[in-house]
Amino acid sequence: MIRQEIEELRGRALAAVAQAGSAAELESVRVQYFGKKGELTAVLKQMGGLSAEERPVIGALANEVRGEIEAALESASARVADAEMTARLEAERIDVTLPGTALQTGRRHPMQIVLDDVIKIFLGMGFSVAEGPEVETTYYVFDALNTGPDHPARDPQDTFYFDDETILRTQTSSVQIRVMEKQKPPIRVISPGRTYRKDEIDATHSAHFHQIEGLAVDRGITMGDLKGTLNTMMQGLYGSDVKLRFRPHHFPYTEPSAEVDLQCFACHGKGCPMCKYEGWIEMLGSGMVHPAVLERCGIDSSIYSGFAFGVGIERLTLMRYKINDMRLLYENDVRFLRQF
Ligand code: DAH
């Protein structure tokens with residue numbers, strides 16, 4: 001009687017395993033037969049009522065059936081896992097022949113391209129890059145650069161003041177002083193950075209702009225070194241046929257001082273709308289570092305001399321790409337920026 005029950009149970013269980021199509025169904029088959037209230041468990045509980053002869057025989061049969069069902073469950077679970085994986089691969093299939101989604105990569109801003117080029121040119125001449133703060137004291141921006149308390153450049157009409165002594169720097173020349181305070185000659189640095197002036201915004205002005213300061217201090221530095229260095233810079237940026245013109249000028253922190261013009265490369269000096277019919281385009285200020293500036297930084301001006309210059313990155317960029325309105329550099333219109 002109990003033997004028949006076990007045999008019949010074996011048949012049902014194996015059939016259920018064979019039909020199960022998922023891990024969840026297999027689990028419910030397992031519970032149905034082997035669980036605490038499972039059918040095989042229930043059969044085994046009846047063993048106590050069997051005679052001493054029957055008990056080992058039925059026990060062996062029950063073990064055999066349990067082993068068989070367990071083996072069937074195990075191989076079925078491998079089969080089901082395979083099938084589930086195949087179904088998933090099918091469902092999540094990727095068509096690699098479909099066109100992809102283009103990645104929107106950024107690019108360097110034209111001013112960054114020009115700055116990177118300038119830095120490369122100066123690194124090649126043995127310069128290194130120095131940085132200084134944008135929020136500066138009047139000492140570094142003016143006093144240390146021989147620009148006394150009554151100088152018009154200090155006027156609050158032109159300079160952003162936080163208080164009497166704290167300003168947004170109006171020029172990167174302040175970094176000259178910071179470098180010379182810390183470093184003794186030989187010095188060769190350029191210092192790019194943001195600068196600020198109270199200017200109305202138009203095609204050639206902005207309250208926020210960028211400069212690159214240059215400084216070289218060593219024994220025997222002359223105006224010739226300044227000219228050679230600026231020539232190398234401009235030829236590197238604009239091509240080997242560019243011409244520079246040095247015009248006498250005045251800056252409080254250089255003596256002598258010179259403004260440097262670039263021969264218009266649209267008309268080669270003949271005069272055209274690009275150079276406002278001048279033939280030359282004003283590019284930067286420069287000169288030999290004033291002895292008083294060197295001395296203030298603890299550098300002996302009877303032994304050392306130096307040159308310095310300051311140039312607007314906007315100006316360099318507008319010239320490089322023949323852009324006629326500086327505001328284009330700040331508006332971040334991707335249709336404009338994509339062209340570089
Ligand atoms: N600081 C000047 C400006 O903002 C540029 C300049 C002129 C820098 C002469 C210098 C220099 O280092 O020697 O227009």
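These are my notebook entries on what I looked up in this predicted model.

**Entry 1: the ligand**

Next I checked some individual atom pairs. Glutamate 213 puts a polar side-chain atom 2.5 Å from an oxygen atom of the ligand. Glutamine 171 has a polar side-chain atom 2.7 Å from a ligand nitrogen atom. For serine 173, I found an N or O atom of the side chain 3.1 Å from a nitrogen atom of the ligand.

How much of the ligand's accessible area does the protein cover? On its own the ligand has 350 Å² of accessible area, and the protein covers 89% of that.

I also noted where the shell comes from.

**Entry 2: α1 and α4**

Then I moved on to helix pairs. Helix α1 covers residues 2-19 and helix α4 covers residues 54-91. Their axes are 10 Å apart, and the packing angle is about 5°. Angles under 35 degrees count as roughly parallel, so α1 and α4 are roughly parallel to each other.

I listed who meets whom. On the α1 side I noted residues including Ile2, Ile6, Leu9, Ala13 and Val17. On the α4 side, I picked out Val57, Leu61, Val65, Ile69 and Ala72, among others. What classes do the residues of this contact belong to? I got 16 nonpolar, no polar and six charged residues.

**Entry 3: α5 and α10**

From α5, the contact uses Pro110, Met111, Ile113, Val114, Leu115, Asp117 and Val118. From α10, it uses Ile313, Glu314, Leu316, Thr317, Arg320 and Tyr321. By class I wrote down nine nonpolar, one polar and three charged residues.

Last, I went through the backbone. Most residues other than glycine have a negative phi, and most peptide bonds are trans. I kept an eye out for exceptions.

Where does a cis peptide bond turn up with omega near 0°? I found one going from proline 185 to proline 186. Proline 186 sits in the loop between α7 (174-182) and β5 (187-196).

Another cis peptide bond links glutamate 255 to proline 256, with omega about -5°. Proline 256 belongs to strand β8 (residues 254-263).

I also looked at asparagine 146, whose phi is near 65°, a positive value in a residue other than glycine. I located asparagine 146 in the loop between α6 (138-141) and β3 (161-163).

Note on methods: Residues are numbered from 1 along each chain as its sequence is written. This is a predicted model: local features need pLDDT of at least 70, side-chain atom pairs count only at pLDDT 80 or more; totals for chains, interfaces and linings use all residues. Side-chain values use heavy atoms; hydrogens and water are left out. A polar contact is a pair of N or O atoms within 3.5 Å; within protein, one must be able to donate a hydrogen and the other to accept it, and residues adjacent in sequence count only if both atoms are side-chain atoms. Accessible areas come from the Shrake-Rupley method with a 1.4 Å probe; for residues, only the protein chains shown count as cover. Contact means heavy atoms within 4.5 Å. Helices (H or I, at least four residues) and strands (E, at least two) are DSSP runs, numbered from the N terminus. Ala, Val, Leu, Ile, Met, Phe, Trp, Tyr, Cys and Pro count as nonpolar, Asp, Glu, Lys and Arg as charged, and the others, Gly among them, as polar. Axes are lines fitted to C-alpha atoms, for helices over the stretch in contact, and angles run from 0 to 180 degrees between N-to-C directions. Angles under 35 degrees count as roughly parallel, over 145 as roughly antiparallel, 65 to 115 as roughly perpendicular and the rest as oblique.
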